[in-house]
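Me: I would like to go through this chain with you, from its pairing and packing to a few single residues. Could we begin with the terms needed for the strands?

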Amino acid sequence: MINKLKINSSKKQEMKGNPFYLYFSYIILTLVAFYYLLIPIQDYLANGFIIADSVVYLRVAFNIINGQGSTYDLITITNGYHPLWMILHIPFMIGADNIIDRLPIIRVLWIGTAVVSTIIWAYYIRQLTKSYFAQAFMLLLMGIFGCFGWSLYVLYSGIETPLVLFFLGLSLYLTEKFFQKNHYDNKQIVILALVIALTFLSRLDSIFVLIPLALIILFRILKSSYLQAVFFILTGLMVTIPYLLWNKINFGAFTPVSGIVKRFDSISLERSMHYFDSFVLKMQGTGIPLEGLILFVGLIALIFVFTFLRIHQKSSNLFNTFWILILGAFTHYLYYFLYMSELNVSWHLYLQLLVVFIFLTLAMNEIACSKWIKKRSISPFLLLIAFMVTCYFVNKIYIDKKTYRIPAVITELEFGQWVKDNIHQKDIIVFYDGFFSALIATKNIFIDSNGLTGDATLAAIAKQNRMSQYSSSYQYKDIATLYNADYVVSWIDGHCELLDSSNYVYISEPIITNKETRLVAQKGLNYNSLGPKNGFKCF
């Protein structure tokens with residue numbers, strides 16, 4: 001008994017710093033979570049807190065519960081989503097007459113998952129550093145202040161990112177504990193394999209981290225038992241293979257149609273640089289000058305070098321699992337750079353931002369624990385406060401510029417209500433990215449011409465249109481003809497003139513942008529006249 005107490009006390013002594021830092025960060029994170037929960041749901045929608053992609057999960061889950069199957073548009077069967085996040089949404093739609101009424105309780109799932117994912121990564125940091133300060137810093141950085149509003153506008157927005165972050169963090173946390181043992185029991189191995197498999201089903205591109213992680217674990221297991229290695233492999237396959245086979249049988253490929261549409265079939269550095277440039281321009285559009293971006297990247301690079309040298313100097317085992325995340329983030333970004341058309345989508349860069357968050361946390365922990373800080377009796381708590389204040393003003397630059405999303409969302413919501421009130425549910429509407437309209441008009445047919453939420457046929461047409469040009473102004477003609485659409489909905493700007501006003505059943509007020517963008521719906525179209533400009537002339 002005495003020996004047990006000694007062991008427990010020694011473990012407690014391993015933790016460095018004051019636990020007050022951790023309690024403080026938990027309080028701040030809880031307040032932010034309650035703030036998001038208490039926002040009226042209409043304001044949550046209208047103020048751009050929900051990313052449009054999350055509507056796919058809501059609408060497909062609603063249709064599954066209502067016996068329509070895995071369909072977004074009520075015509076085609078789709079797999080354009082990540083499966084585990086979809087499964088978690090389905091129970092919330094039981095007995096629902098519409099989606100909006102269920103959003104408040106579904107938002108609890110979103111925000112709860114975001115908070116839990118933040119906590120698991122903070123525990124991972126705690127395991128690496130044995131520092132309360134580092135754990136508290138990671139909670140604040142990832143959960144609230146991360147990267148120009150990324151945390152505030154991604155983690156709580158309804159997309160699958162928090163779920164994959166949770167399972168990925170849990171995978172690395174369990175692996176770190178796994179590496180500390182010389183003997184592995186079957187239960188531990190099965191749980192680890194199960195968590196890794198669930199990470200993959202949370203977001204499929206997590207495979208860039210999961211492959212090296214699984215191989216390292218398998219190598220460790222093989223040293224002690226071939227039978228346990230078989231258990232590890234079979235557990236992972238039993239969880240993932242049914243989903244992959246369902247994809248292959250129904251859609252002709254193992255991956256979802258959404259990934260197929262976005263993926264190029266060949267490498268083009270010119271095209272890749274085009275998308276990279278668009279990402280830089282997008283960041284500049286938030287008010288961050290190019291010089292500021294270069295300075296930020298340079299600062300992050302210096303932090304990486306500083307942190308690595310400090311840790312290497314201490315001969316720490318801190319990189320036991322962290323290097324796997326670094327490798328996965330690098331190969332993931334390289335793949336996106338070479339093959340994917342959505343390099344500039346911030347929530348696709350979750351692996352890269354995780355690496356940045358961890359390096360920043362490790363660097364700040366080194367500073368907080370440094371002799372220079374201790375010699376001057378500077379409290380690490382002051383560093384936390386200074387960090388929060390700095391991030392508030394940096395994020396405010398981004399958030400203030402983010403208001404351009406609000407008028408577009410409101411316009412789509414208004415159009416959705418108009419469709420619900422005026423358009424017959426059997427009429428087919430073709431709309432590019434009309435997610436928020438489809439959220440309101442739950443029982444109307446919306447064919448999304450981006451191809452991300454349809455079947456393999458729709459995806460093939462959309463991909464051909466997407467590959468034919470770099471811009472986001474895709475052709476509607478083939479899709480409208482294929483599905484014999486009753487209406488085609490488009491965004492146009494003030495430089496465009498409607499060709500035949502008698503065809504337009506809906507024209508929105510100009511939204512607040514420099515182009516005076518309007519939403520228009522056309523009826524009774526001559527599909528042969530549809531071209532790249534979709535029924536209007538621009539000058």
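Reply: Two strands are said to pair if DSSP finds at least two bridges between them. Please note that the model is a predicted one.

Me: Good. Which residue of β3 stands opposite Phe431?

Reply: Val489 of β3 faces Phe431. The strands concerned, β1 (residues 428-431) and β3, run parallel and are joined by three bridges.

Me: And what is the bridge partner of Val489 in β6?

Reply: That partner is Ala521. Here β3 and β6 (residues 518-523) are antiparallel, with six bridges between them.

Me: How many residues of β3 are buried?

Reply: Five of the six residues in β3 (residues 487-492) are buried, so the strand is mostly covered.

Me: Let me step back to the whole chain. How many helices and strands are there?

Reply: The chain has 23 helices and seven strands. Of its 539 residues, 55% are buried.

Me: What share of the contacts joins residues at least 24 apart?

Reply: The share is 72%, taken among contacts between residues at least 6 apart in sequence.

Me: Now the packing. Which residues touch the most other members of the largest nonpolar core?

Reply: They are Tyr44, Trp121 and Leu325, in a core of 137 residues. Helix α6 (residues 103-129) gives the largest share of this core, with 13 residues. There is also a second, separate core of eleven residues, with Val430, Ile445, Ile461 and Ile479 among them. As general background, nonpolar side chains in soluble globular proteins tend to be buried together.

Me: Tyr44 interests me. What is it in contact with, beyond its neighbours within four places in sequence?

Reply: Tyr44 is in contact with Tyr36, Ile39, Phe49, Ile50, Arg107, Trp110, Ile111 and Tyr156. In the case of Arg107, the charged end sits over the ring of Tyr44, at 4.8 Å from its centre. Tyr44 also belongs to an aromatic cluster together with Tyr35, Tyr36, Phe49, Tyr153 and Tyr156.

Me: Where does Lys248 lie?

Reply: Lys248 lies over the face of Phe254, 5.4 Å from the ring centre.

Me: How many aromatic pairs are counted?

Reply: The count is 29 aromatic pairs. One of them is formed by Tyr21 and Phe133, whose ring centres are 6.0 Å apart. Their planes stand at 85 degrees, so this pair is edge-to-face.

Me: Which helices hold Tyr21 and Phe133?

Reply: Tyr21 is in helix α2 (residues 19-38) and Phe133 in helix α7 (residues 132-145). The two residues are 112 residues apart, and the pair thus links distant parts of the chain. Both Tyr21 and Phe133 are buried.

Me: Why is the pair of Tyr72 and Phe435 edge-to-face?

Reply: The planes of Tyr72 and Phe435 are at 70 degrees, with the ring centres 6.0 Å apart. An angle over 60 degrees counts as edge-to-face, and therefore the pair qualifies. Tyr72 lies in the loop between α4 (54-65) and α5 (83-89), while Phe435 is in helix α21 (residues 435-440), so the pair ties together parts 363 residues apart in sequence. Tyr72 and Phe435 are both buried.

Me: Turning to Asn79: buried or exposed?

Reply: Asn79 counts as buried, because its relative accessibility is 0%. This residue is found in the loop between α4 and α5.

Me: Where is Thr113?

Reply: Thr113 is in helix α6. Its relative accessibility is 12%, so Thr113 counts as buried. Apart from neighbours within four places in sequence, Thr113 is in contact with Trp85, Pro162 and Leu163.

Me: Lastly, why does Asn465 count as buried?

Reply: Asn465 is at 5% relative accessibility, and buried means under 20%, so Asn465 falls in that class. Asn465 is found in helix α22 (residues 456-467). Between Asn465 and Gly451, which are 14 residues apart in sequence, the C-alpha to C-alpha distance is 9.9 Å.

Technical notes:
Residues numbered from 1 in each chain as written. Predicted model: local features only at pLDDT ≥ 70, side-chain atom pairs only at ≥ 80, totals over all residues. Heavy atoms only, no water. Core = buried A, V, L, I, M, F, W, Y, C linked by side-chain atoms within 4.5 Å. Buried < 20%, exposed > 50% of the residue type's maximum accessible area, 1.4 Å probe, protein only. Helix = DSSP H or I, 4+ residues; strand = E, 2+ residues; numbered from the N terminus. Contact = heavy atoms within 4.5 Å. Phe/Tyr/Trp six-rings, centres within 6.5 Å; stacked < 30°, edge-to-face > 60°. Lys NZ or Arg CZ within 6 Å of the ring centre and 35° of its normal.
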